[in-house]
Each structure stands twice: as C-alpha cells, then as structure tokens.
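The entries follow the order in which I checked things.

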Amino acid sequence: MEENIEIRDVKDPNEIKRFEDIQYRVWGGGVVPSHLITAVKEVGGVVKGAYYNDKLIGFVYGFIGRYKGRYCIYSHQLAVLPQYQNMGVGEKLKNEQMRWGIENGYDLIIWTFDPARAKNAWLNIGKLGVITDTYLIDHYGEMEDELNRGVPSDRFMVEWWIKSRWIKDRMRYRYDRDLDIKYETVLSLERSSNGIYPSNVKDVNDNYISIEIPLDFDDLGGDTLKLKKMWKLRLREAFIKYFTKGYTVIYFVRGHNIDKGIYILKKGFDPHDRTTW
Ligand SMILES: CC(C)(COP(=O)(O)OP(=O)(O)OC[C@H]1O[C@@H](n2cnc3c(N)ncnc32)[C@H](O)[C@@H]1OP(=O)(O)O)[C@@H](O)C(=O)NCCC(=O)NCCS
C-alpha cells in the first residue's frame, strides 16, 4: 500500500472541491468551503493531496501567518479518509508540508489539535516532534461536527520547528515505550465500573512531569458525554497550570501494553538550546 501513495500539489479547483467530501466523511460536518482553500493555494499557501492509485484519499493545507512575531505556515486541516488511516498517510502529508516549508524559507509550522485525542497526540508529538506550551480555551467556540459536538473546543497550539536540532534528533529516533525519563504524574487516568475518568491535578515542581489521557476519547465507558466534559475541564486545569509554571509538552508515549497515552512535559525547554533538553 505505502509504495502506491503519492503526495502532490493540488492545483485544479475541481479537485480541491473534492476536499469537501473528504471533510464530511472524516469529521461528519463543519466543512470548510473549497473556494477558501483555492484562495489559500492562489496566494502563497501550501495545498497537498495524498493519492492512492490516483484516487484522492487525504489532504493537508496551510497558509502563511504570523505567530510570536515571525512569519510561519499555519496548517489548518489535515485529513485522511477513514479506510486509509493508520497507514502512514498523515505522516507523509506532513513531511511533504515540511519539505515545502524548508524549500520556501520557513522554519516554523504551527497548527492546533485537541489535547484529549491520543491518536493526534501520537502523530503530532510522537511521530513528528512538535512541542507546545500554549493552551487555547474553547478556541473554535461550539462545534457541530460529530467529533467535537457537546464538548468545549479546547486546543493546543503546537510548534513544529522544522529546521531545529530538536527535529533532526527526533526524526532520527522515535521514542515510544522506551522513553527513559523519570517523571512525576500530575494527572492520572483512573478506571472504575462507571468508566475511565481523570484524577485530581497534583501540585509538583519536578523537572519532568506527565499528564495521562485515554487512548479512545469516544469510548470512556459509563456516561461518555459526561466523562468527556470532565476530562476536558481537568486537562484544561492541568495544562494551564503547568504551562504557566514554564513547562512544555515535548514527548507523548503510548503503547500496546500501556492502555493510556502519556504526555511528558519538561520545565524550561527550548528546542534551539540543547542544554535545556
Ligand atoms: C489525524 C489523521 C489525519 C492522521 O492520518 P493517518 O494517516 O491515520 O496518520 P498516520 O497513519 O501517519 O499516523 C497515525 C498514528 O496514530 C496511531 N494511532 C491510531 N490510533 C491511536 C490511538 N488511539 N492512540 C494512539 N495512537 C494511535 C497509528 O498507529 C499511527 O502510528 P504508527 O504509524 O506509529 O503506527 C487522520 O486520523 C484523520 O483524518 N483524523 C480525523 C481528522 C483529524 O483529526 N485531523 C487532524 C486535525 S486538523
């Protein structure tokens, strides 16, 4: 399968129209109209499609923005049709976006993602090496699509420093189960007959700390919508507390025999200064 995937520029507006159908099938609503994406392509943005045997199965697009005082690429949507997910297509699209960014003189790509979603955390932090110290409360307001309905749209703003030593090192070695770091867990995942729920947030000052999340946010057992809201608010409390104290999310660990995802945060981290890693 992998060798039959091709990533290429999408230039034809009729082809970009097909992004709407993919969005509908991936998110179940909240579709960004294709004419906006065509405009992005026209004014210096990056619009890439993933093709399997010439069939469009996913896309990523981003436009030029300004963040923390510098020009960067803001990547607004990444989507892969459900039947082609978990085969490395999302990673290929992002890597092509990175290649384009470096070629066009950018050193930073940013985007948002939902901190409660383990798969996105693994792809973004575990596989691609993004970092974050920015938590956005209810960033998109109420959302009506199937993935986001009924819970606050809190997001991380993540930073992908595509020319940094940090990324070069992270591309060379992917940490998963074997991350050899001592950390204190400040929010842990608890299980009961009523479902999977978050612990209270602990107050610590260790160099490394961790925050746990469920692997499947759509299946928490018990009253899932109530538990989802509880998770969202507890994660908000934990991340804001520790971002305010100067911590940055730098790793995400998940494993087949660890039935949860684990964010690892480090105090005083700077991707450009190796002495802080
Ligand atoms: C996010 C998305 C684009 C990723 O595309 P993809 O092609 O599935 O991504 P990849 O296959 O490159 O990477 C997914 C990784 O997550 C892993 N994964 C799957 N479910 C997981 C879970 N519940 N917890 C942790 N990791 C998980 C996969 O095993 C894979 O990792 P691996 O390559 O180490 O095995 C796709 O899932 C999607 O369209 N999701 C819905 C829309 C969305 O969330 N878009 C991003 C925000 S705009």
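I looked up the buried residues of helix 2 (residues 34-42) and found Ile-37, Thr-38 and Val-40. They lie on the same side of helix 2 because they cover an arc of only 155° around the axis, the arc being that of the directions from the helix axis to the C-beta atoms. Buried means that 20 or more other C-beta atoms lie within 10 Å of the residue's own, exposed means 12 or fewer, and partly exposed is in between, with C-beta atoms placed from the backbone.

The model is predicted: local features need pLDDT of at least 70 and side-chain atom pairs pLDDT 80 or more, while totals for chains, interfaces and linings use all residues. Residues are numbered from 1 along each chain as its sequence is written. Helices (H or I, at least four residues) and strands (E, at least two) are DSSP runs numbered from the N terminus.

I then checked the other side of helix 2, where His-35, Leu-36 and Glu-42 are exposed.

What covers the buried residues? The cover includes helix 1 (13-27), strand 2 (46-52) and strand 3 (55-67); contact means C-beta atoms, placed from the backbone, within 7 Å.

I noted the residues where the helices meet: Pro-13, Ile-16, Lys-17, Phe-19 and Glu-20 in helix 1, and Ser-34, Ile-37 and Thr-38 in helix 2.

Last, I looked past the end of helix 2 and found that Gly-44 follows, with a positive phi near 95°.

How values were computed: Two residues are in contact if their C-beta atoms, placed from the backbone, lie within 7 Å.
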